[in-house]
Every structure is written in structure tokens, then in C-alpha cells.
Amino acid sequence: IDIFSRYGGEEFVLILPETSLPIAINVAERIRKNISNCPMKANSHQLKLTVSLGVSELTEEISDLTSLINSTDHFMYQAKQAGRNTTVSALTS
């Protein structure tokens, strides 16, 4: 029942229904580490990829999809400002 989609440009959304915030953070960290540990080869160059992730969950304050995406987007920009290749959420910010 998980949903993965391109949201725009270089942004993607992964929706994990029935998943608590701590478990969603673990999923995000696994994705981040796997991407970071798999360099890509382009022509004769090896490229190291990184990803900045924001993680949010539905709460009383964040109770609809638009608010959830806005919250997650906010955390993703915090991750980028923190030096990239990191995961930020309400539990980690």
C-alpha cells in the first residue's frame, strides 16, 4: 500500500500509510544510505549521489495531504541546509 511518486523536478514523495514516524525515519535512512553507497558511472567518471530527506506524519496539526507534503518539504529543505545527505523530521530537527 506504499506509494512512491515523482513530485516535481528532483523531488519525490514516498507515502507509507500505517507507518509510525520512527519507522518512517528508519526507512528514509535506509534509502539515504543505499543511495550514498551506490556510486553511478557516467562515461569514465564515477559519481557519488546523495539525497536530502524530510519525514513527516499525519497528526492533529498536520491532518491533510497538503499539510503533510508542506511539512515534509520544510524538513527536506532543513536537510539541504544542514549540509545535504541527511534526514530531518520533527524528531531530528
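In which helix do Arg 32 and Glu 29 lie, and how many residues apart are they? Both lie in helix α1, three residues apart, which is about one turn of the helix. Before going further, note that this is a predicted model, in which local features need pLDDT of at least 70, side-chain atom pairs count only at pLDDT 80 or more, and totals for chains, interfaces and linings use all residues. Residues are numbered from 1 along each chain as its sequence is written, and side-chain values use heavy atoms, with hydrogens and water left out.

Side chains of opposite charge can pair when their charged atoms come close. Arg 32 forms a salt bridge with Glu 29, and their closest N and O atoms are 2.9 Å apart; a salt bridge here is a side-chain nitrogen of Lys or Arg within 4 Å of a carboxyl oxygen of Asp or Glu. By this rule the count comes to one salt bridge. Arg 32 is buried, with a relative accessible area of 13%, whereas Glu 29 is partly exposed at 21%; buried means under 20% relative accessible area, exposed means over 50%, and partly exposed lies in between (1.4 Å probe, protein chains only).

The overall plan of the chain comes next. There are two helices and six strands, where helices (H or I, at least four residues) and strands (E, at least two) are DSSP runs numbered from the N terminus. From the N terminus on, the elements run β-β-α-β-β-β-α-β, and the C-alpha atoms fill a box of roughly 50 × 30 × 25 Å along the principal axes. Of the 93 residues of the protein chain, 27% count as buried.

On the surface, Phe 4, Phe 12, Leu 14 and Ile 31 form a nonpolar patch, with about 390 Å² of accessible area together. Such areas come from the Shrake-Rupley method with a 1.4 Å probe, and for residues only the protein chains shown count as cover. Patches are made of residues with over 30% relative accessible area and no salt bridge, like charges being joined within 9 Å and nonpolar side chains (Val, Leu, Ile, Met, Phe, Trp, Tyr) within 5 Å. Ile 31 has its place in helix α1, residues 21-36, and counts as partly exposed at 33% relative accessibility.

The structure also holds one aromatic pair. The rings of Phe 4 and Phe 12 have their centres 5.6 Å apart and their planes at 5°, so the pair is stacked; rings of Phe, Tyr and Trp (its six-membered ring) pair if their centres lie within 6.5 Å, and planes under 30 degrees apart count as stacked, over 60 as edge-to-face and the rest as tilted. Phe 4 is exposed, with a relative accessible area of 59%, while Phe 12 is partly exposed at 49%.

Finally, two loop residues deserve a look. Most residues other than glycine have a negative phi, and most peptide bonds are trans. Glu 18, in the loop between β2 and α1, has a positive phi near 60°, and it counts as exposed at 80% relative accessibility. Asn 43, in the loop between β3 (40-42) and β4 (45-47), has a positive phi of about 55° although it is not a glycine, and at 77% relative accessibility Asn 43 counts as exposed.
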